[in-house]
Each structure stands twice: as structure tokens, then as C-alpha cells.
Amino acid sequence: MKKIKLRAPATTANVGPGFDSLGCAFSVYNQYEFELMDEGLVIEGCPEEFCNEENLSYVSYKAAMEYMGLEVGGIKIKVTETNVPVSRGLGSSATMISAGVYAANALHGYKMTDTDLLKVANMIEGHPDNVAPALFGGFTASFLDGADPYTVKYNISDKLFFCCMYPDFEVSTHKARAVLPKEVKHEDAIFNVSRTAVLLKALENCDEELIKLSLSDRLHQPYRKELIDEYEDVKKIALDSGCCGFFISGAGPTLMAVSTDKDVKEKLDEKLKDLNHKWTSILLKPDFDGVKEI
Ligand code: HSE
């Protein structure tokens with residue numbers, strides 16, 4: 001039966017002041033195989049509790065099939081490689097969602113446009129900042145107009161390295177959204193809007209001073225950092241190691257350091273090992289393909 005093998009990239013979301021908007025895909029991937037069957041659902045390669053109809057790759061596949069007006073039919077989904085840490089703020093859900101909608105489209109004649117793919121993916125994720133770069137790659141800025149997501153790509157300097165650092169504990173996105181205030185002050189909205197606009201050009205130009213200043217945020221990080229034990233220690237390590245930027249990746253607890261130094265990972269690891277939690281780092285470069293067939 002018809003089969004497709006895909007890889008989907010890790011993503012970061014928010015990126016400092018760009019709450020629910022900015023995102024970037026990175027060259028660390030999960031891999032999936034989708035194979036049509038006459039009937040039924042088979043899921044392999046992930047823990048037993050996810051091998052059912054609630055599986056996010058299947059939910060996304062099914063949503064895309066329904067969007068195209070097609071019978072869902074039988075499908076076998078195999079997770080063949082998992083390199084994106086789960087529930088850490090590096091878009092592991094977005095890898096499943098982007099793979100599911102892409103596979104449905106690819107296995108059934110590519111009827112969906114990019115706009116359709118983003119719309120279905122966003123219906124499942126609820127905000128477009130992870131799913132847009134997971135689908136299309138690169139550094140993206142997105143918004144919702146009602147239920148309709150829109151996204152554009154920005155250039156990002158190839159001199160920049162991103163080093164993510166994730167701890168040995170999880171923070172659920174649900175909890176991380178629950179700590180956010182319902183209302184924000186006008187001056188805080190101005191703080192973020194102005195920094196978001198400047199950050200985009202600073203990342204393109206690799207302007208380290210402006211990157212550092214414009215990554216500040218008042219909409220989510222001040223609240224979420226309280227959920228991340230050793231946040232201040234990791235931030236100090238990053239800044240003392242010469243990083244030009246530091247932010248919470250997505251809803252956390254992964255923390256992201258931005259640097260022009262290709263040896264930044266080794267420098268951070270040397271100091272992270274003295275902390276109480278076990279912090280694991282991965283050196284990342286942007287991915288420009290998004291989910292794709294391999
Ligand atoms: N923008 C989302 C948030 C990303 O910060 O809650 C995590 O899903």
C-alpha cells in the first residue's frame with residue numbers, strides 16, 4: 001500500500017517578546033512513516049498509552065482528511081526516530097501535527113495548499129507559532145485573524161547559533177498558560193510590540209546588542225520563569241558565557257541561549273554540570289525545509 005516517510009523539525013516558539021507569534025524551526029528531527037491500509041488504525045514506535053485514536057499524529061491526519069472531504073480509511077503510523085525532547089517547549093507536538101497533516105495531503109494527491117495545511121494544524125495546536133515553522137521551516141511570524149492563521153518568513157543570520165538547555169523536569173503547557181494574567185498593562189504591550197519589531201531586524205543583521213535588548217519580554221517570561229527551577233542560574237551562565245540572547249523556549253522549561261560562538265555548547269555544559277538539576281544542551285541551527293519527505 002502507499003507509504004510515505006517524513007521528518008519534522010523541532011521548533012521554538014514565542015522567542016522573547018513574540019508571544020504566540022514568533023517561531024523558528026531547528027535541524028533536529030522526529031521521523032514518521034505513514035502507510036495506507038484497507039481499514040483500521042495501527043500506531044507503532046511510541047509508548048503504549050499513545051497508540052490509540054487520541055494520538056496527535058493520527059488526530060492531525062484525520063483532521064486533514066476530513067478537511068479535504070475524504071474518508072479517513074485505514075492508516076498505519078510508525079514513529080521511526082524521536083530526537084525532539086517531549087513536553088519541554090521544543091515543539092514535539094508540532095512535529096506530530098505537521099507530520100499528520102502533511103502525510104494526509106501527500107498520500108492523497110496534494111489537494112491542500114500551504115494555507116490549508118496551516119489552518120488544519122492550527123485548529124489542533126490552538127496557536128500558530130510552533131506549527132508554522134514545523135510546516136514551512138525557517139523563522140516565522142504568525143497571527144490569527146479570527147480562526148484563520150497567517151504566517152510570513154523572516155531571514156535570520158547564519159552567524160547565529162541557538163543552544164537549547166532542557167532540565168530533567170517537565171512543565172505542562174496547560175500550567176504555563178494558567179499562570180499568565182488575563183490582562184496586561186498598556187505600557188507592557190508597547191514594551192513587547194516595539195521589541196518584537198526591532199528583534200526581527202536584529203536577528204537578520206546579527207546585531208548582538210539589539211538582540212540582547214529586544215529579546216526582553218513582559219507578557220509571559222516574568223510569570224513562567226517561576227515554574228522553572230534554576231532559571232536565574234541558567235540565565236546567568238548563558239550571559240556570563242558571552243551569549244547575546246536568552247529566552248524561554250515556547251512554554252518552557254527549555255531555555256534558549258543565542259550566540260555567535262560555535263563553541264557555546266561546550267562553554268555552557270562546563271557550568272551547567274554544577275547545577276542541581278540535570279540540564280541537557282543541544283546546539284541548534286535553523287532548519288529551512290520544515291516537514292518533508294525523506
Ligand atoms: N505560544 C505558546 C505558549 C507556545 O507560549 O503557550 C507553546 O505551545
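In the chain, residues 24 or more positions apart account for 75% of the contacts with a separation of 6 or more. The structure described here is a predicted model. Its secondary structure comes to 10 helices and 11 strands. The radius of gyration of the chain is 19 Å, and this agrees with the value near 19 Å that a compact globule of 294 residues would have. Taken along the principal axes, the box filled by the C-alpha atoms is roughly 60 × 40 × 35 Å.

Of the 294 residues, 52% count as buried. The accessible surface of the chain comes to about 13400 Å², and carbon and sulfur atoms contribute 50% of that area. The charged side chains comprise 32 positive and 45 negative groups. The centres of these two sets lie 4 Å apart.

Backbone geometry was examined next. The peptide bond that joins Gly-252 to Pro-253 is cis, and its omega is near 5°. Pro-253 lies in a loop, with β8 (245–248) on one side and β9 (255–259) on the other. Positive phi values in residues other than glycine occur at Asn-14, where phi is near 80°, and at Asp-20, where phi is near 60°. Asn-14 is placed in the loop between β1 (3–13) and β2 (22–37), and the loop between β1 and β2 also holds Asp-20. Asn-14 has a relative accessibility of 2% and therefore counts as buried.

Helix α2 (residues 92–107) includes Thr-95. Thr-95 counts as buried because its relative accessibility is 0%. When residues up to four places away in sequence are not counted, Thr-95 touches Ala-8, Pro-9, Ala-10, Asn-30, Tyr-32 and Val-84. Of these partners, Ala-8, Pro-9 and Ala-10 fall within the residue range of β1 (3–13), and Asn-30 and Tyr-32 within that of β2 (22–37). A separation of 196 residues in sequence lies between Thr-95 and Val-291, yet their C-alpha atoms are 7.8 Å apart in space.

Apart from residues up to four places away in sequence, Thr-196 touches Pro-17, Gly-18 and Leu-22.

The loop that runs between α5 (173–178) and α6 (186–205) contains Val-179. The relative accessible area of Val-179 is 30%, and this residue is therefore partly exposed. Its contacts, with residues up to four places away in sequence not counted, are to Tyr-223, Arg-224 and Leu-227. Val-179 and His-220 are 41 residues apart along the chain, and 8.6 Å separates their C-alpha atoms.

Lys-76 belongs to strand β4 (residues 74–81). With a relative accessible area of 25%, Lys-76 is partly exposed. Leaving aside neighbours within four places in sequence, Lys-76 is in contact with Glu-33, Phe-34, Glu-35, Met-37, Val-42 and Glu-44. Among these residues, Glu-33, Phe-34, Glu-35 and Met-37 fall within the range of β2 (22–37). The C-alpha atoms of Lys-76 and Thr-173, which are 97 residues apart along the chain, are separated by 28 Å.

Cysteine pairing was also considered. The structure holds zero disulfides. Cys-51 is in no disulfide, and the nearest cysteine sulfur, belonging to Cys-46, is 3.8 Å away. Cys-51 has a relative accessibility of 27% and counts as partly exposed. Cys-244 is likewise in no disulfide, and the sulfur of Cys-206, the nearest cysteine sulfur, is 6.4 Å away. Cys-244 has a relative accessible area of 3% and is therefore buried.

Conventions: Residues numbered from 1 in each chain as written. Predicted model: local features only at pLDDT ≥ 70, side-chain atom pairs only at ≥ 80, totals over all residues. Heavy atoms only, no water. Disulfide = S-S within 2.5 Å. Buried < 20%, exposed > 50% of the residue type's maximum accessible area, 1.4 Å probe, protein only. Helix = DSSP H or I, 4+ residues; strand = E, 2+ residues; numbered from the N terminus. Rg over C-alpha atoms; globule rule 2.2 N^0.38 Å. Contact = heavy atoms within 4.5 Å. Areas by Shrake-Rupley, 256 points an atom, 1.4 Å probe, with all protein chains shown as cover. Lys, Arg positive; Asp, Glu negative; His and termini not counted. Charge placed at Lys NZ, Arg CZ, Asp CG, Glu CD.
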